[in-house]
Amino acid sequence: MANLTITVDEETLKRARIRAIERGESVNQYLADRLREYADDDQVRQRKTEAARRFIALSEELKGSSGGRGWTREDLYEERIGRPE
């Protein structure tokens, strides 16, 4: 594990420590988590982009059809709420 030194004004650090205590966290852990997210951001964005590309490709591949059938709102909710009398 590496150590990192940052410079921050006393008032900001004081408020951060108070907030961390209120949330049951530590400032150190919070900053380590944010730094990890910052470092991983490109990988996360790349995975999301690839997942979206695969979803679009799959939706184009799986052509579905209703066979010309249309539904009304009442048809769609009939099972859930029953037909009004």
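## Burial and surface

Of the 85 residues in the protein, 1% are buried, where buried means under 20% relative accessible area. The structure is a predicted model, and its accessible surface comes to about 8600 Å², with 52% of that area belonging to carbon and sulfur atoms.

## Overall arrangement

The protein contains 3 helices and 0 strands, and from the N terminus on its elements follow the order α-α-α. Its radius of gyration is 26 Å, well over the 12 Å that the globule rule gives for 85 residues, so the protein is more spread out than a compact globule. Taken along the principal axes, the box filled by the C-alpha atoms is roughly 65 × 40 × 20 Å.

## Helix α1 and its ends

Helix α1 spans residues 10–23, which gives 14 residues, and the distance from its first C-alpha to its last is 20 Å, close to the 20 Å expected at 1.5 Å a residue.

Just after the helix, G24 adopts a positive phi of about 70°.

## Confidence of the prediction

Across the protein the mean pLDDT is 88, and 95% of the residues reach 70 or more. Among the elements, α1 has the highest mean pLDDT, at 96, whereas helix α3, covering residues 73–81, has the lowest, at 79.

Note on methods:
Residues numbered from 1 in each chain as written. Predicted model: local features only at pLDDT ≥ 70, side-chain atom pairs only at ≥ 80, totals over all residues. Heavy atoms only, no water. Helix = DSSP H or I, 4+ residues; strand = E, 2+ residues; numbered from the N terminus. Expected span 1.5 Å × (residues − 1). pLDDT = per-residue confidence, 0-100. Rg over C-alpha atoms; globule rule 2.2 N^0.38 Å. Buried < 20%, exposed > 50% of the residue type's maximum accessible area, 1.4 Å probe, protein only. Areas by Shrake-Rupley, 256 points an atom, 1.4 Å probe, with all protein chains shown as cover.
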